[in-house]
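Q: I want to learn how to read helix packing and sheet order in a model. Can we work through one together?

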Amino acid sequence: LVDPVALARAAAAAAQDLEGLAAAMAAYEACELKKGARNLVFSDGNPKARVMVIGEAPGRDEDLQGKPFVGRAGQLLDLMFAQIGLGRADPAAERALYITNVLPWRPPQNRDPEAQEVAMMLPFLERHVALADPDILVLMGNHSCGALLGRKGITRLRGHWVEALGRPALPMFHPAYLLRNPHAKRDAWHDLLMLQARLRGG
């Protein structure tokens, strides 16, 4: 039997650029999620951005459009980062955002990602970060923290700088959580200001 994680690691390592990585992920057959998804959701925004946002998995809207964060949560994400002058459509690296997810395919009924699914897609995510080479990672929600920090509990993790894949990382509430819990938006604003200060060298 072929180990799906070893397979992913080999495929990811062979990718020389982001286009190659997207092609390697599209050709990867070991993850069952691929069969039920319409589109591979690879990334959006400017790959030269200083800030790379990592969400958890595509939802229905993302699966249909093949882009991360395009539904209501995505609109809120754009609004939040616009408040500190960052946007996925900005051509300037210092004002841009680059966005991806831990999983590139939508889990059925938007269920939580399973540990095995995360494990087999992690080598691709690690390679994605290496190739995009951002200054800062923003880990959106519990699943991206679980995948890259080996820890969950976003309410405790948020508001503190940590390290992920050798880079400064800031765990933040997922915008979908903020839509359900508007009272947490004050914490999210605090975290955005922390990110802004870090980008300005503060």
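Q: Are helix 2 and helix 6 roughly parallel or roughly antiparallel to each other?
A: Start with the classes: angles under 35 degrees count as roughly parallel, over 145 as roughly antiparallel, 65 to 115 as roughly perpendicular and the rest as oblique. Axes are lines fitted to C-alpha atoms, for helices over the stretch in contact, and angles run from 0 to 180 degrees between N-to-C directions. Here the axes of helix 2 (residues 18–26) and helix 6 (residues 115–132) cross at roughly 170 degrees and come within 10 Å. The two helices are therefore roughly antiparallel. Helices (H or I, at least four residues) and strands (E, at least two) are DSSP runs, numbered from the N terminus.

Q: What should I know about the model and its numbering?
A: This is a predicted model: local features need pLDDT of at least 70, side-chain atom pairs count only at pLDDT 80 or more, and totals for chains, interfaces and linings use all residues. Residues are numbered from 1 along each chain as its sequence is written, and side-chain values use heavy atoms, with hydrogens and water left out.

Q: Which residues make the contact of helix 2 with helix 6?
A: Contact means heavy atoms within 4.5 Å. Helix 2 brings L18, L21, A24 and M25; helix 6 brings M121, F124, R127, H128, L131 and A132. By class, that is 8 nonpolar, 1 polar and 1 charged. Ala, Val, Leu, Ile, Met, Phe, Trp, Tyr, Cys and Pro count as nonpolar, Asp, Glu, Lys and Arg as charged, and the others, Gly among them, as polar.

Q: How does helix 1 run against helix 6: roughly parallel or roughly antiparallel?
A: The axes of helix 1 (residues 4–14) and helix 6 come within 8 Å and cross at roughly 15 degrees. That makes the pair roughly parallel. For handedness, a crossing is left-handed if the near helix is turned anticlockwise from the far one by less than a right angle, and right-handed if clockwise. The crossing of helix 1 and helix 6 is right-handed. P4, V5, A8, R9, A11, A12 and A13 in helix 1 meet Q116, A119, M120, P123, F124 and R127 in helix 6. The classes are 10 nonpolar, 1 polar and 2 charged.

Q: At what angle do helix 5 and helix 10 pack?
A: Helix 10 (residues 185–199) and helix 5 pack at about 50 degrees, with axes 10 Å apart. That makes them oblique. Their crossing is right-handed. L76, M80 and F81 of helix 5 meet K185, A188, L192 and L195 of helix 10.

Q: What is the strand order in the sheet?
A: Strands of a sheet pair through backbone hydrogen bonds, either parallel or antiparallel. Two strands pair if DSSP finds at least two bridges between them. This open sheet has 6 strands in the order 1-3-2-4-6-5, with mixed pairing. Its edge strands are strand 1 (44–45) and strand 5 (162–164), each pairing on one side only. Strand 2 (residues 51–55) and strand 3 (residues 97–101) run parallel, joined by 5 bridges. V51 stands opposite L97 in strand 3.

Q: Which strands does helix 5 lie across?
A: Helix 5 (residues 72–82) lies across strand 2, strand 3, strand 4 (136–140) and strand 6 (167–172), at about 140 degrees to strand 4.
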